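Okay, thanks for having me, everyone. Let me put the model up and walk you through a few local spots.

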Amino acid sequence: ESVSVMTTVYDRLGVSTVINAVGPSTRLSGGVMRLEVAEAMVQASQYCVDMAFLQARASEIISKYTGSEAGYVTSGAAAALLLGTAACVTGMDPLKMNRLPDTSGMKNEVIMARSHRNFYDHAVRSVGIKLVEIGIADRFSGAGVRDVESWEYGAAITERTAAVVYVAYPHTLPRLEDVCTVAHAHGIPVLVDAAGQLPPESNLQRFITEGADLVSFSGGKAIGGPQSSGFLCGSRDLIASAALQHLDLDILPELWNPPADLIDRSRLPGAPQHGIGRPCKVGKEEIVGLLTALRLFVEEDVIKRYQRWLELMLELKRSCGELPHAQIDLISDRKRSGIPIVRLELDEDQSGITAIELIKSLQDGNPAIAANPISVDEGIVIFGPTCLKNGEPTIIGNRLKELLNI
Ligand SMILES: *Cc1c(COP(=O)(O)O)cnc(C)c1O
(Lines give C-alpha, C1' and ligand atoms only; values in the text may rest on other atoms or scores of the structure.)
Protein backbone atom coordinates (compact mmCIF):
# COMPACT_ATOMS: atom_id res chain seq x y z
CA GLU A 1 0.00 0.00 0.00
CA SER A 2 1.46 3.34 -1.00
CA VAL A 3 1.01 7.00 -0.15
CA SER A 4 -1.60 7.28 -2.87
CA VAL A 5 -4.28 5.38 -0.89
CA MET A 6 -7.38 7.60 -0.93
CA THR A 7 -7.46 10.40 1.55
CA THR A 8 -10.74 11.63 0.02
CA VAL A 9 -12.84 11.24 3.12
CA TYR A 10 -10.41 13.33 5.15
CA ASP A 11 -10.17 15.86 2.31
CA ARG A 12 -13.94 16.18 2.37
CA LEU A 13 -13.91 16.73 6.12
CA GLY A 14 -11.03 19.17 5.85
CA VAL A 15 -8.91 17.19 8.32
CA SER A 16 -5.21 16.75 7.52
CA THR A 17 -3.64 13.30 7.68
CA VAL A 18 -0.44 12.69 9.62
CA ILE A 19 2.69 10.76 8.65
CA ASN A 20 2.96 8.55 11.70
CA ALA A 21 6.49 7.48 12.61
CA VAL A 22 5.53 6.91 16.24
CA GLY A 23 3.50 3.73 15.95
CA PRO A 24 -0.11 2.81 16.59
CA SER A 25 -0.81 5.46 19.21
CA THR A 26 -4.45 6.11 20.11
CA ARG A 27 -3.89 9.87 20.00
CA LEU A 28 -2.80 9.53 16.36
CA SER A 29 -5.79 7.32 15.45
CA GLY A 30 -3.90 4.04 15.83
CA GLY A 31 -2.30 2.36 12.86
CA VAL A 32 -3.20 1.72 9.26
CA MET A 33 -5.38 -1.35 8.80
CA ARG A 34 -4.61 -3.73 5.98
CA LEU A 35 -7.25 -3.51 3.25
CA GLU A 36 -8.17 -7.15 3.88
CA VAL A 37 -9.17 -6.21 7.44
CA ALA A 38 -11.11 -3.14 6.31
CA GLU A 39 -12.91 -5.21 3.65
CA ALA A 40 -13.90 -7.84 6.22
CA MET A 41 -15.40 -5.04 8.32
CA VAL A 42 -17.35 -3.70 5.34
CA GLN A 43 -18.78 -7.19 4.71
CA ALA A 44 -19.64 -7.62 8.38
CA SER A 45 -21.51 -4.32 8.32
CA GLN A 46 -23.93 -5.56 5.66
CA TYR A 47 -25.63 -8.27 7.76
CA CYS A 48 -27.11 -8.70 11.22
CA VAL A 49 -26.06 -11.50 13.56
CA ASP A 50 -26.74 -12.59 17.14
CA MET A 51 -23.80 -10.96 18.94
CA ALA A 52 -23.54 -13.72 21.56
CA PHE A 53 -23.03 -16.32 18.84
CA LEU A 54 -20.46 -14.14 17.09
CA GLN A 55 -18.58 -13.80 20.39
CA ALA A 56 -18.81 -17.58 20.98
CA ARG A 57 -17.10 -18.17 17.66
CA ALA A 58 -14.54 -15.46 18.51
CA SER A 59 -13.91 -17.30 21.78
CA GLU A 60 -13.10 -20.49 19.91
CA ILE A 61 -10.71 -18.70 17.54
CA ILE A 62 -8.96 -16.70 20.27
CA SER A 63 -8.52 -19.90 22.32
CA LYS A 64 -6.83 -21.55 19.39
CA TYR A 65 -4.28 -18.73 19.10
CA THR A 66 -3.67 -18.21 22.81
CA GLY A 67 -4.00 -21.70 24.25
CA SER A 68 -6.61 -20.39 26.70
CA GLU A 69 -9.95 -22.00 27.55
CA ALA A 70 -11.98 -19.09 26.18
CA GLY A 71 -11.75 -15.61 24.69
CA TYR A 72 -13.82 -12.51 24.12
CA VAL A 73 -13.52 -9.49 21.83
CA THR A 74 -13.67 -6.10 23.56
CA SER A 75 -13.50 -2.47 22.48
CA GLY A 76 -9.82 -2.31 23.45
CA ALA A 77 -7.37 -3.63 26.03
CA ALA A 78 -8.59 -1.09 28.59
CA ALA A 79 -12.16 -2.35 28.16
CA ALA A 80 -10.82 -5.87 28.59
CA LEU A 81 -9.27 -4.82 31.92
CA LEU A 82 -12.60 -3.42 33.06
CA LEU A 83 -14.49 -6.59 32.07
CA GLY A 84 -11.83 -8.87 33.51
CA THR A 85 -11.86 -7.06 36.83
CA ALA A 86 -15.67 -7.14 36.95
CA ALA A 87 -15.57 -10.90 36.29
CA CYS A 88 -13.12 -11.44 39.16
CA VAL A 89 -15.35 -9.44 41.54
CA THR A 90 -18.74 -10.97 40.70
CA GLY A 91 -17.95 -14.48 39.46
CA MET A 92 -21.17 -15.93 38.03
CA ASP A 93 -23.52 -14.11 40.47
CA PRO A 94 -26.04 -12.05 38.46
CA LEU A 95 -27.11 -10.04 41.52
CA LYS A 96 -23.55 -8.83 42.05
CA MET A 97 -23.26 -8.09 38.33
CA ASN A 98 -26.36 -5.92 38.49
CA ARG A 99 -25.00 -3.97 41.46
CA LEU A 100 -21.59 -2.92 40.11
CA PRO A 101 -19.84 -0.48 40.62
CA ASP A 102 -21.31 -0.76 44.14
CA THR A 103 -19.09 -3.52 45.51
CA SER A 104 -20.10 -3.29 49.17
CA GLY A 105 -20.14 -6.73 50.74
CA MET A 106 -18.27 -8.29 47.83
CA LYS A 107 -14.65 -9.27 47.46
CA ASN A 108 -13.63 -5.84 46.31
CA GLU A 109 -9.89 -5.39 46.70
CA VAL A 110 -7.46 -5.65 43.80
CA ILE A 111 -3.74 -5.93 44.45
CA MET A 112 -1.23 -4.17 42.22
CA ALA A 113 2.47 -3.45 42.58
CA ARG A 114 3.11 0.28 42.96
CA SER A 115 5.61 0.08 40.08
CA HIS A 116 2.88 -1.41 37.82
CA ARG A 117 0.44 1.46 38.43
CA ASN A 118 -0.45 3.47 35.32
CA PHE A 119 -3.40 5.50 34.13
CA TYR A 120 -4.92 2.62 32.20
CA ASP A 121 -5.80 1.22 35.62
CA HIS A 122 -8.73 3.66 35.60
CA ALA A 123 -10.39 0.74 33.80
CA VAL A 124 -9.75 -1.54 36.79
CA ARG A 125 -10.78 1.08 39.36
CA SER A 126 -13.97 1.97 37.52
CA VAL A 127 -15.43 -1.37 38.60
CA GLY A 128 -15.72 0.11 42.11
CA ILE A 129 -12.87 -1.82 43.68
CA LYS A 130 -10.29 -0.60 46.14
CA LEU A 131 -6.77 -0.78 44.77
CA VAL A 132 -4.26 -2.17 47.26
CA GLU A 133 -0.75 -1.07 46.30
CA ILE A 134 2.28 -3.06 47.35
CA GLY A 135 6.04 -2.55 47.21
CA ILE A 136 8.25 0.49 46.80
CA ALA A 137 9.72 1.06 43.34
CA ASP A 138 13.38 1.67 44.26
CA ARG A 139 14.44 0.16 40.95
CA PHE A 140 12.59 2.92 39.07
CA SER A 141 13.39 5.87 41.33
CA GLY A 142 17.08 5.05 40.97
CA ALA A 143 17.50 4.80 44.75
CA GLY A 144 18.14 1.08 44.70
CA VAL A 145 17.89 -2.16 42.78
CA ARG A 146 14.79 -3.74 44.31
CA ASP A 147 11.08 -3.67 43.63
CA VAL A 148 8.11 -5.58 44.96
CA GLU A 149 8.75 -9.31 45.46
CA SER A 150 6.33 -12.16 44.93
CA TRP A 151 5.91 -13.01 48.64
CA GLU A 152 4.55 -9.51 49.21
CA TYR A 153 1.54 -10.38 47.05
CA GLY A 154 0.77 -13.24 49.40
CA ALA A 155 1.11 -10.97 52.41
CA ALA A 156 -1.41 -8.48 50.94
CA ILE A 157 -4.09 -11.10 50.16
CA THR A 158 -7.10 -11.06 52.52
CA GLU A 159 -10.62 -12.49 52.42
CA ARG A 160 -11.62 -9.32 50.51
CA THR A 161 -9.15 -9.84 47.66
CA ALA A 162 -10.82 -10.28 44.26
CA ALA A 163 -7.79 -10.30 41.96
CA VAL A 164 -4.17 -9.44 41.33
CA VAL A 165 -3.51 -7.17 38.35
CA TYR A 166 -0.09 -7.54 36.70
CA VAL A 167 1.21 -5.26 33.93
CA ALA A 168 3.43 -7.20 31.53
CA TYR A 169 6.44 -5.54 29.93
CA PRO A 170 9.65 -7.28 28.92
CA HIS A 171 11.26 -5.78 32.05
CA THR A 172 8.40 -6.41 34.51
CA LEU A 173 9.29 -7.91 37.89
CA PRO A 174 8.55 -10.05 39.78
CA ARG A 175 8.20 -12.85 37.27
CA LEU A 176 4.59 -13.60 36.35
CA GLU A 177 5.01 -17.30 37.14
CA ASP A 178 6.01 -16.47 40.70
CA VAL A 179 3.12 -14.04 41.20
CA CYS A 180 0.66 -16.64 39.84
CA THR A 181 2.04 -19.34 42.13
CA VAL A 182 1.52 -17.11 45.18
CA ALA A 183 -1.92 -15.85 44.11
CA HIS A 184 -3.18 -19.32 43.18
CA ALA A 185 -2.07 -20.72 46.52
CA HIS A 186 -4.74 -18.38 47.97
CA GLY A 187 -7.28 -19.09 45.19
CA ILE A 188 -6.92 -15.58 43.74
CA PRO A 189 -7.01 -15.02 39.94
CA VAL A 190 -4.31 -13.00 38.14
CA LEU A 191 -5.35 -10.54 35.40
CA VAL A 192 -2.51 -9.52 33.08
CA ASP A 193 -2.44 -6.27 31.11
CA ALA A 194 -0.45 -7.24 28.01
CA ALA A 195 -2.01 -4.53 25.82
CA GLY A 196 1.08 -3.78 23.73
CA GLN A 197 3.09 -6.98 24.16
CA LEU A 198 2.80 -8.12 20.53
CA PRO A 199 5.01 -8.87 18.70
CA PRO A 200 6.48 -11.35 19.52
CA GLU A 201 3.63 -13.69 18.60
CA SER A 202 4.84 -16.12 21.26
CA ASN A 203 3.38 -13.69 23.82
CA LEU A 204 -0.10 -14.70 22.62
CA GLN A 205 0.44 -17.92 24.58
CA ARG A 206 3.16 -16.95 27.00
CA PHE A 207 1.17 -15.33 29.82
CA ILE A 208 -1.47 -18.08 29.80
CA THR A 209 1.32 -20.66 29.96
CA GLU A 210 2.88 -18.80 32.89
CA GLY A 211 -0.37 -19.12 34.82
CA ALA A 212 -2.45 -15.98 34.09
CA ASP A 213 -6.20 -16.45 34.57
CA LEU A 214 -7.05 -13.58 32.21
CA VAL A 215 -4.93 -11.63 29.72
CA SER A 216 -5.91 -8.43 27.92
CA PHE A 217 -4.46 -7.48 24.53
CA SER A 218 -4.99 -4.47 22.27
CA GLY A 219 -6.32 -5.10 18.77
CA GLY A 220 -5.36 -1.67 17.48
CA LYS A 221 -1.65 -1.86 18.24
CA ALA A 222 0.74 -4.19 16.38
CA ILE A 223 -1.94 -6.75 15.48
CA GLY A 224 -3.30 -4.20 13.00
CA GLY A 225 -6.95 -4.60 13.93
CA PRO A 226 -9.57 -1.88 14.34
CA GLN A 227 -8.44 0.91 16.65
CA SER A 228 -11.31 0.32 19.05
CA SER A 229 -10.77 -3.40 19.46
CA GLY A 230 -8.96 -5.71 21.82
CA PHE A 231 -9.52 -9.05 23.43
CA LEU A 232 -9.53 -10.97 26.63
CA CYS A 233 -8.46 -14.59 26.93
CA GLY A 234 -8.38 -16.93 29.88
CA SER A 235 -10.48 -19.22 32.02
CA ARG A 236 -13.91 -20.28 30.80
CA ASP A 237 -15.77 -19.09 33.92
CA LEU A 238 -14.18 -15.65 34.02
CA ILE A 239 -14.78 -15.13 30.29
CA ALA A 240 -18.43 -16.19 30.74
CA SER A 241 -18.82 -13.64 33.53
CA ALA A 242 -17.17 -10.94 31.39
CA ALA A 243 -19.55 -11.79 28.52
CA LEU A 244 -22.57 -11.59 30.81
CA GLN A 245 -21.52 -8.12 31.92
CA HIS A 246 -20.89 -6.90 28.39
CA LEU A 247 -23.48 -8.39 26.02
CA ASP A 248 -26.70 -6.44 25.61
CA LEU A 249 -29.23 -8.32 27.75
CA ASP A 250 -32.31 -6.29 26.96
CA ILE A 251 -34.20 -9.47 26.10
CA LEU A 252 -37.11 -11.38 27.64
CA PRO A 253 -35.81 -14.36 29.66
CA GLU A 254 -38.06 -16.69 27.63
CA LEU A 255 -36.25 -15.62 24.48
CA TRP A 256 -32.72 -15.63 25.89
CA ASN A 257 -30.77 -18.53 24.47
CA PRO A 258 -27.03 -17.86 24.79
CA PRO A 259 -24.49 -20.18 23.13
CA ALA A 260 -23.68 -22.87 25.70
CA ASP A 261 -19.96 -22.90 24.91
CA LEU A 262 -19.70 -19.22 25.94
CA ILE A 263 -22.32 -19.01 28.70
CA ASP A 264 -23.58 -22.06 30.61
CA ARG A 265 -27.08 -20.88 31.45
CA SER A 266 -27.75 -23.85 33.72
CA ARG A 267 -25.32 -22.35 36.25
CA LEU A 268 -27.28 -19.10 36.58
CA PRO A 269 -30.32 -18.55 38.80
CA GLY A 270 -31.47 -15.96 36.27
CA ALA A 271 -30.03 -13.61 33.71
CA PRO A 272 -28.31 -10.40 34.79
CA GLN A 273 -29.46 -7.20 33.08
CA HIS A 274 -27.22 -4.67 31.31
CA GLY A 275 -23.86 -4.83 33.03
CA ILE A 276 -21.02 -2.49 33.86
CA GLY A 277 -19.43 -3.29 30.49
CA ARG A 278 -22.39 -2.04 28.45
CA PRO A 279 -20.85 1.44 27.88
CA CYS A 280 -17.86 -0.15 26.15
CA LYS A 281 -19.83 -2.17 23.63
CA VAL A 282 -18.14 -3.63 20.62
CA GLY A 283 -19.62 -3.77 17.13
CA LYS A 284 -19.79 -6.76 14.80
CA GLU A 285 -17.44 -4.84 12.49
CA GLU A 286 -14.79 -4.63 15.22
CA ILE A 287 -15.18 -8.31 16.12
CA VAL A 288 -14.80 -9.44 12.52
CA GLY A 289 -11.98 -6.93 11.93
CA LEU A 290 -10.08 -8.08 15.02
CA LEU A 291 -10.42 -11.76 14.13
CA THR A 292 -9.24 -11.07 10.58
CA ALA A 293 -6.29 -9.00 11.77
CA LEU A 294 -5.34 -11.62 14.35
CA ARG A 295 -5.32 -14.33 11.69
CA LEU A 296 -3.16 -12.21 9.36
CA PHE A 297 -0.82 -11.31 12.23
CA VAL A 298 -0.28 -14.96 13.15
CA GLU A 299 -0.03 -16.13 9.54
CA GLU A 300 2.37 -13.43 8.36
CA ASP A 301 5.90 -14.66 8.13
CA VAL A 302 7.85 -12.99 10.96
CA ILE A 303 10.94 -12.49 8.82
CA LYS A 304 8.88 -11.03 5.96
CA ARG A 305 7.14 -8.57 8.29
CA TYR A 306 10.49 -7.60 9.76
CA GLN A 307 11.93 -7.14 6.25
CA ARG A 308 9.00 -4.89 5.29
CA TRP A 309 9.64 -2.68 8.33
CA LEU A 310 13.40 -2.78 7.75
CA GLU A 311 12.95 -1.55 4.15
CA LEU A 312 11.02 1.47 5.43
CA MET A 313 13.71 2.29 7.98
CA LEU A 314 16.46 1.82 5.37
CA GLU A 315 14.54 4.20 3.09
CA LEU A 316 14.50 6.77 5.90
CA LYS A 317 18.19 6.41 6.67
CA ARG A 318 19.06 6.61 2.97
CA SER A 319 16.93 9.68 2.33
CA CYS A 320 18.50 11.56 5.26
CA GLY A 321 21.98 11.08 3.82
CA GLU A 322 24.61 12.83 5.93
CA LEU A 323 23.03 15.37 8.26
CA PRO A 324 25.22 17.96 10.00
CA HIS A 325 25.50 17.62 13.79
CA ALA A 326 23.34 14.53 13.78
CA GLN A 327 24.17 10.85 13.99
CA ILE A 328 21.63 8.55 12.33
CA ASP A 329 21.56 4.89 13.28
CA LEU A 330 19.34 2.05 12.27
CA ILE A 331 18.74 -0.09 15.34
CA SER A 332 17.66 -3.53 14.23
CA ASP A 333 16.37 -4.66 17.64
CA ARG A 334 15.06 -7.89 16.14
CA LYS A 335 15.61 -9.93 19.29
CA ARG A 336 14.04 -7.52 21.77
CA SER A 337 11.02 -5.67 20.35
CA GLY A 338 10.96 -7.26 16.92
CA ILE A 339 10.68 -3.76 15.42
CA PRO A 340 13.57 -1.91 13.71
CA ILE A 341 13.83 1.83 14.37
CA VAL A 342 15.84 4.83 13.21
CA ARG A 343 17.51 6.80 15.97
CA LEU A 344 18.59 10.38 15.25
CA GLU A 345 20.97 11.76 17.85
CA LEU A 346 21.53 15.50 17.70
CA ASP A 347 24.61 17.34 18.85
CA GLU A 348 22.35 19.96 20.41
CA ASP A 349 25.23 22.40 21.11
CA GLN A 350 26.12 22.51 17.42
CA SER A 351 22.85 21.95 15.61
CA GLY A 352 21.06 25.11 16.74
CA ILE A 353 17.92 23.06 17.40
CA THR A 354 17.06 20.72 20.27
CA ALA A 355 15.48 17.30 19.89
CA ILE A 356 12.16 18.51 21.27
CA GLU A 357 12.19 21.54 18.92
CA LEU A 358 12.90 19.21 16.01
CA ILE A 359 9.92 17.03 16.92
CA LYS A 360 7.74 20.12 17.29
CA SER A 361 8.80 21.39 13.85
CA LEU A 362 8.08 18.01 12.26
CA GLN A 363 4.67 18.00 13.90
CA ASP A 364 3.84 21.55 12.82
CA GLY A 365 4.85 21.11 9.18
CA ASN A 366 2.72 20.13 6.21
CA PRO A 367 2.20 17.22 6.06
CA ALA A 368 2.48 16.79 9.81
CA ILE A 369 5.06 14.19 10.82
CA ALA A 370 4.84 12.49 14.22
CA ALA A 371 8.12 11.23 15.73
CA ASN A 372 8.71 9.51 19.06
CA PRO A 373 9.90 11.88 21.83
CA ILE A 374 10.67 9.20 24.42
CA SER A 375 14.44 9.98 24.45
CA VAL A 376 14.46 13.75 23.82
CA ASP A 377 16.23 14.35 27.13
CA GLU A 378 19.28 12.69 25.59
CA GLY A 379 18.91 14.69 22.36
CA ILE A 380 17.45 11.69 20.54
CA VAL A 381 14.50 11.50 18.15
CA ILE A 382 13.13 8.06 17.27
CA PHE A 383 11.29 6.98 14.11
CA GLY A 384 9.39 3.70 13.89
CA PRO A 385 8.09 1.87 10.80
CA THR A 386 4.84 0.20 11.86
CA CYS A 387 2.44 2.93 10.65
CA LEU A 388 4.43 4.19 7.65
CA LYS A 389 3.57 3.67 4.00
CA ASN A 390 6.09 3.36 1.18
CA GLY A 391 7.26 6.81 0.16
CA GLU A 392 6.63 8.40 3.54
CA PRO A 393 10.15 7.77 4.90
CA THR A 394 11.52 9.84 1.99
CA ILE A 395 9.17 12.71 2.88
CA ILE A 396 10.47 12.52 6.46
CA GLY A 397 14.10 12.42 5.28
CA ASN A 398 13.61 15.46 3.05
CA ARG A 399 11.96 17.38 5.87
CA LEU A 400 14.81 16.53 8.22
CA LYS A 401 17.29 17.87 5.66
CA GLU A 402 15.34 21.13 5.45
CA LEU A 403 15.07 21.52 9.23
CA LEU A 404 18.73 20.73 9.79
CA ASN A 405 19.67 23.23 7.09
CA ILE A 406 20.95 21.39 4.10
C1 LIG B 1 -2.25 0.72 25.14
C2 LIG B 1 -2.35 0.18 26.50
C3 LIG B 1 -3.60 -0.05 27.09
C4 LIG B 1 -4.89 0.34 26.41
O5 LIG B 1 -5.14 -0.39 25.24
P6 LIG B 1 -6.38 0.01 24.32
O7 LIG B 1 -6.50 -1.13 23.37
O8 LIG B 1 -6.04 1.31 23.67
O9 LIG B 1 -7.57 0.13 25.20
C10 LIG B 1 -3.64 -0.58 28.35
N11 LIG B 1 -2.51 -0.89 29.03
C12 LIG B 1 -1.29 -0.69 28.51
C13 LIG B 1 -0.07 -1.04 29.31
C14 LIG B 1 -1.16 -0.13 27.23
O15 LIG B 1 0.05 0.09 26.70
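At 35% relative accessibility, Asp347 counts as partly exposed; buried means under 20% relative accessible area, exposed over 50%, and partly exposed in between, with a 1.4 Å probe and protein chains only. Quick housekeeping: this is a predicted model, where local features need pLDDT of at least 70, side-chain atom pairs count only at pLDDT 80 or more, and totals for chains, interfaces and linings use all residues. Residues are numbered from 1 along each chain as its sequence is written, and side-chain values use heavy atoms, with hydrogens and water left out.

Back to Asp347: you'll find it in the loop between strand E10 (341–346) and helix H14 (348–351). Helices (H or I, at least four residues) and strands (E, at least two) are DSSP runs, numbered from the N terminus.

Now, the backbone. Most residues other than glycine have a negative phi, and most peptide bonds are trans. Which residues are joined by a cis peptide bond with omega of about 10°? That's Leu100 and Pro101, and Pro101 sits in the loop between helix H5 (94–99) and E3. Leu198 and Pro199 are also joined by a cis bond, with omega about -10°.

On phi, Ser29 is not a glycine, yet its phi is positive, about 75°. Ser29 is exposed, with 53% relative accessible area, in the loop between strand E1 (18–20) and helix H2 (35–44). His325 has a positive phi too, about 60°, and at 39% relative accessibility His325 counts as partly exposed.
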